[in-house]
Amino acid sequence: MHIRILGSAAGGRFPQWNCGCGNCTAVRKSLREHKFSSKARTQAQLALSADGFTWFLAGASPDLASQIESCPDLHPRALHNTPRDSPVAGVVLGSADLDHVLGLLLLRELQPLRVYAAPSILRILREENSMFGMLNRVEPQVVWTSMNSGAPFPLLSADGKDCGLRCEVCYLSGRYPEYVKSANLARDEATAALFFEFASGKRVAYIPTVGSLSDTLIEKIRHVDLLLFDGTFWSDDELLRVQGSGENARQMGHIPVEESLRLLKGIEVGRKMFIHLNNTNPILNEASPEHQAVRQAGWEVAEDNWQLEL
Ligand code: MLT
Ligand code: MN
Ligand code: ZN
């Protein structure tokens with residue numbers, strides 16, 4: 001049961017770790033003064049494997065090429081029956097956000113892949129955005145598979161091989177990205193909490209984008225062995241204060257960390273981490289009271305290149 005955190009930052013704004021804003025400056029100063037390790041972050045990306053040989057990606061970030069390069073488990077390899085093989089068998093998409101889907105285009109030269117997504121997200125990518133046609137220009141290539149909420153389903157490679165990992169999707173009320181033009185998309189499929197389950201029964205919840213915490217979602221999270229949760233913003237008006245205008249965190253579909261800490265206080269899970277961290281979030285500064293509050297509540301702040309074994 002292998003999990004790799006390949007990227008831990010939120011998407012959208014470049015660069016994610018060293019702009020000149022007050023928070024980034026404070027992070028750099030604290031890194032220098034406290035000799036914390038370097039914390040450059042790429043956009044949120046997860047890889048999971050039951051056997052360490054065949055891997056599934058959760059999302060496909062725009063940083064995927066360098067993320068694969070820095071993770072030897074995912075390097076291309078030669079096998080006895082094929083000189084060109086990739087350990088990546090498929091991708092599970094939890095939203096159509098650009099920081100979650102652009103990396104699919106970087107996988108166009110790979111062996112056939114299976115991509116799981118909500119029916120509406122398949123429609124957005126395949127019917128509305130012709131560029132994704134590059135993933136279906138030869139046969140066989142990407143096998144698009146719609147996933148519905150409810151029962152867990154086995155993750156299969158493009159040729160139908162069971163990879164020893166099951167996924168359960170729990171759709172959250174959210175919104176589609178601004179680039180989406182299609183009308184009549186099922187509103188509740190815009191974002192999903194993804195639950196991965198190994199044969200041992202160990203479970204991982206990956207929820208990088210969630211605007212509010214319903215009782216149903218809290219119940220689903222309870223008892224997972226690893227929780228990777230939306231850590232985009234500490235407070236609701238954090239980005240508004242830096243930019244002077246725009247939306248607050250909840251409007252963007254991100255529950256503030258200070259509220260999640262309250263609502264998930266004492267929840268019985270194995271390890272719990274914040275991920276999809278925006279560079280405005282003061283928890284990135286290990287010398288900050290917000291970082292201390294998160295750590296004291298038993299949470300970790302995810303970093304790139306963390307290798308977790310369950
Ligand atoms: C989000 O998580 O809110 C989006 O990914 C932001 C963006 O990249 O536009
Ligand atoms: Mn995002
Ligand atoms: Zn900054």
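This is a predicted model: local features need pLDDT of at least 70, side-chain atom pairs count only at pLDDT 80 or more; totals for chains, interfaces and linings use all residues.
Local features need pLDDT of at least 70, side-chain atom pairs count only at pLDDT 80 or more, and totals for chains, interfaces and linings use all residues. Residues are numbered from 1 along each chain as its sequence is written, chains are lettered from A and ligands numbered from 1 in the order in which they are written, and side-chain values use heavy atoms, with hydrogens and water left out.

His-276 sits in the loop between β14 (271–275) and α8 (289–296). Helices (H or I, at least four residues) and strands (E, at least two) are DSSP runs, numbered from the N terminus.

His-276 counts as buried because its relative accessibility is 5%. Asp-99, at 14%, is buried as well.

One, of 3.1 Å, joins His-276 to Asp-99. Another, of 2.9 Å, reaches Thr-232. A polar contact is a pair of N or O atoms within 3.5 Å; within protein, one must be able to donate a hydrogen and the other to accept it, and residues adjacent in sequence count only if both atoms are side-chain atoms. Beyond four places in sequence, His-276 is in contact (heavy atoms within 4.5 Å) with residues including Ser-8, Ala-44, Pro-208 and His-254.

Phe-56 lies in strand β3 (residues 55–58). Its relative accessibility is 1%, so Phe-56 counts as buried. Phe-56 and Pro-87 are 31 residues apart in sequence, and their C-alpha atoms are 8.5 Å apart in space.

Helix α1 (residues 22–34) has 13 residues. Asn-23, Cys-24, Val-27 and Ser-30 are buried in α1. They lie on the same side of α1 because they cover an arc of only 125° around the axis. The arc is that of the directions from the helix axis to the C-beta atoms. The face turned away from the buried side carries the exposed residues Gly-22, Arg-32 and Glu-33. Lys-35 follows α1, with a positive phi near 55°.

Terms used. Buried means under 20% relative accessible area, exposed over 50%, partly exposed in between (1.4 Å probe, protein chains only). The expected span of a helix is 1.5 Å times one less than its number of residues.
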